[in-house]
Amino acid sequence: MNRYFFRVRMVPYLFILPFILTFLVIYSYPIIHSVVMSFQEIVPGETRFIGLNNYLLLKDPRFHKALWNSLRYTFWTLAILIPFPILLAVMLNAPDQKGRTAFRSIFFVPSLVSVVVAGTVLRLIFAGSERGMANQIVAALGLPIHDWRLEGPGLAMFLLVLLATWRWLGVNIVYFLAGLQNIPMELYEASRIDGANRFQQFRRITLPLLKPTIVFVVTISIFGGFAMFEESYIFWQANSPNSIGLTIVGYLWRKGFQQGELGAAAAIGVVLLFIILAFNMTSLKLFGFGKED
Amino acid sequence: MLRRPFIERILRTLFLLIIAVIILIPLYSLLLASLRPSRDLLRFGITLQTLSPKGLELSNFIYLFTGERVYYGYWFRNSVYITALQTVVSCFLSSAVAYGLSVYRFKGRKTALGAVLFLLMVPLQILILPLYKLMIGLHFMNTVFGVILPFAVSPFAVFFFYQYLRGVSRDFIDAGRVDGVGEFGIFLRIIMPIMKPALGAMVIFQSLQAWNSYLWPLIVLRDNLKFTIPIGLNSLLTPYGNNYDVLISGAVVATVPIIIVFVFFQKYFIAGLSAGGVKG
Amino acid sequence: MKRFLYGIAALFLLIAVVGCGNKEKEAAAEEKGPVTLSLWSFQEIHVKYFQDAVGRWNAENPDRQITLDAQVYPYDDMHNKLLLALQSGSGAPDIVDIELGKYPLFLKGTPQLVPMNEYVEPEASQFIMSRFDIYSKDGKYYGVPFHVGASVIYYNTEILNAAGVDYKSIKTWDDYVKAGKKVKAATGKPMVTVESTDVWSVWPILSQSGGDFFDENGKCVVDNAHNTEVFQFLYDMVWDSKIAIASPGGFHHSEEYYGFMNGGGAASIWMPMWYMGRFTDYMPDLKGKIVVAPMPEWPGGFKSAGMGGTGTSITNQCKNLKLAQDFLYSAKMSKEANVKLWEELGFDPPRWDVWDDPRMNAPNKFTDYFENENIFGMLLAVKDSMNGVRITENLPRIHEQIKTTINPQLILEGNPDVHGVLATAAADVNR
């Protein structure tokens, strides 16, 4: 009895020890330090406390623009990159689907393409002249051509979401494919015998049992949405006309590394962290995370 | 297994084909661009006409591995090494942590779970300067160890495994205990096999992350010969013009290893591997 | 499960073996004796240049041998890494290339760099000094330039000839606009492209006109009457006389732009000298059709303006200071070095007393490509009338304004309130 007691008391801590060490040794100091930095002015050779001055950036219209862009981007990626990959994962999980491996692989490859090279190719595809591929296609469909990257905020957001879908569709499919394996086939067979149709099966079996995976993907998508920088960088590098591609991390990057205001960048980072926490806590609460244990 | 009506399978395949074609267009352009001199890409852009494969040659790829002052071979090897190590270590440690968090009820569990979720949401960008100082203090600069250490336990992976394990029945663990298997034995011999689909997904995802990882390795690594592929390719872009030849062919070659990993590990997404393993 | 783990191991082993198949290219073995100097750059060809310079140095200084530990990093990230290293007081190299656009970050507060005054001052009259001024603070010269970056204009003579325009007759910007109208009428092509998301269209002509983004106190005066006139000039070319168009892709370094120009898209473009390499590398079809000429002039302005650049600097973390400085002089400031800057890198060297050296006119890929008989002869004619630019801490902020607000609104959208746009931007920078 004593031995069992001991192992149940100690063993869990042994399992989570790697995480505790990582958290305490690697991350706790940097996290605290960057919060401290957000109250400092940091220039080469000189560092001093300036109170809340860095947080005055919250009033900068560029920050509002960045926040608005990140918010819209997060919304669209959630609206597209959750339901669509679930649907595709269900299709690609069907044993009678021909070429499953090929399809899965094709959907996945875009996530592997180097960011800078994806940028070169996509900027050429979405070139503003009538020569560019995107314009040739819309012209063939009888639609007006566009200067895709430079025209305005609507097209800019379209490009960002399109790129995100291209890059991350396959990755999200992978998560859902893994999640689907946790659903036993017997449940479907039983419900079929009960006369449930496929839509009912999807709603009553697939979705509920996929919920843990959905919670995971929603959480990382909220994080990924608000922390997005690369997609914007691919199209516009660090500066876009009228900041149509500016995101919160882009703004942080601009302040910190283009303008050398590391304290201000830290303040933006702290604000970003709070935004992500607020959205994710809300969503986890709505999903009832942590209640059922 | 039930087979769907023929017409439905045709429609479904057609739907998948259309999406695949859309996804493939940029990839195909990229592949063709890598097989032509880069100046042609700049001269003609990417148009419907340039999609026809003519005048293709392999010289860019040969140059990658034989060109003077082109370190692609080194970058490739370093990327493989770092990716392999980081993936194996982080998948193993993260699954152990997730197992500990999901199976046991112990004091501080909620706090630890909260810390995982918190860490998941901290943007790496804000930690760069302090992390840099820490790595200098620990003398881990310019080492593979320094590159991997902050990601040895991935909160992403912990959270993913944790969510996955919620769907797994406790009966397996109890059965193991009754059979006298130790706690670590239960994890290694009973739970890990059940988690195969999740492990497959995480091996794919972690190797993707490690392979594409840019910001952190760049801060830690100092020698050009120790660089990974993303850093090396980025160093070919300069305000005075870009080396598109190496850049594009290098990016194409760089996709191959993880495609292999993907094809190998996606096999573990086989329905029924953990049949009956669901909470009642 | 075992198979699963073996699978992982075998897979990576296989790939690693393939990766190792590449032939070894180890750096030169370290011996005892030579002092190792570390150098960072964002430009592979700069590193090659420095390594050749080390070869020359070691041949001349048998008792002060150097081994160069040179590393190339991605552009943005090299500067970020340097910022981190200087900020934390550890990890910086001895010598480093800092690009002009980033230089102000390193002049903030107490610069963590070592001045080169004792090398610059004795020969100041032989240098285009404005190129040293841009890397200086409080009279201390921290950076050694690679080039003058003289602004010049590149004419496509095929298009000009088709319109019956002789580029030699274009002396002033008025002449230029007139010629532009002729070109537009005869060929339908724009005379020039104007960047809508970068600074290389407005900065050269603004500086050449005698203007600057900042006054002598470092206050942003982009909206003063003189500067407004320059922006108005660009605006009018795009929206009034319509002889200019917004650059396809937004700026003169976009992939889309090279294809446009290569296809004979516009009759001319003004850019600094270092843009020559973009022609030879990315616009091969224009070979023999491009002539490099002095910029048209403003009344009372300058003939040219030095633009862009990279200042090689020594950090205060350098342990062999004297050696590093002597080497830097030998590598970039000596006469021999300045000829090499042209021969090896194709830059217009900052030391004008080598411009008439016969080696500067020896055939190379640039003399082959451009129509000019003597590229540096053209440059000597403008050397005494070359404006410099004021580099202040706020330079990145005015650049940000130009890239994200001023140019998009004026060039892309055609907002007619030129002064209003500039005033808003200036207020933001000065805030």
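1. In this predicted model, B:I128, B:L129, B:Y132, B:K133 and B:I136 of α6(B) meet C:L84, C:Q87 and C:S88 of α3(C); contact here requires C-beta atoms, placed from the backbone, within 7 Å.

2. A word on geometry: the axes of α6 (residues 128–137) of chain B and α3(C) come within 10 Å and cross at roughly 60°. Axes are lines fitted to C-alpha atoms over the stretch in contact, with angles from 0 to 180 degrees between N-to-C directions. The crossing is right-handed, meaning that the near helix is turned clockwise from the far one by less than a right angle.

3. Zooming out, 42 residues of chain C contact 43 residues of chain B. On the chain C side, α1(C) gives the most, with nine residues. That side divides into 19 nonpolar, twelve polar and eleven charged residues.

4. Now for the other pairing: the contact takes 76 residues from chain A and 84 from chain B. Helix α1 (residues 2–37) of chain A supplies the largest share of its side, 17 residues. The chain A side has 54 nonpolar, 17 polar and five charged residues.

5. Housekeeping: residues are numbered from 1 along each chain as its sequence is written, and chains are lettered from A and ligands numbered from 1 in the order written. Local features need pLDDT of at least 70 and side-chain atom pairs count only at pLDDT 80 or more, while totals for chains, interfaces and linings use all residues. Helices are DSSP runs (H or I, at least four residues), numbered from the N terminus.

Note on methods. Two residues are in contact if their C-beta atoms, placed from the backbone, lie within 7 Å. Helices (H or I, at least four residues) and strands (E, at least two) are DSSP runs, numbered from the N terminus. Ala, Val, Leu, Ile, Met, Phe, Trp, Tyr, Cys and Pro count as nonpolar, Asp, Glu, Lys and Arg as charged, and the others, Gly among them, as polar.
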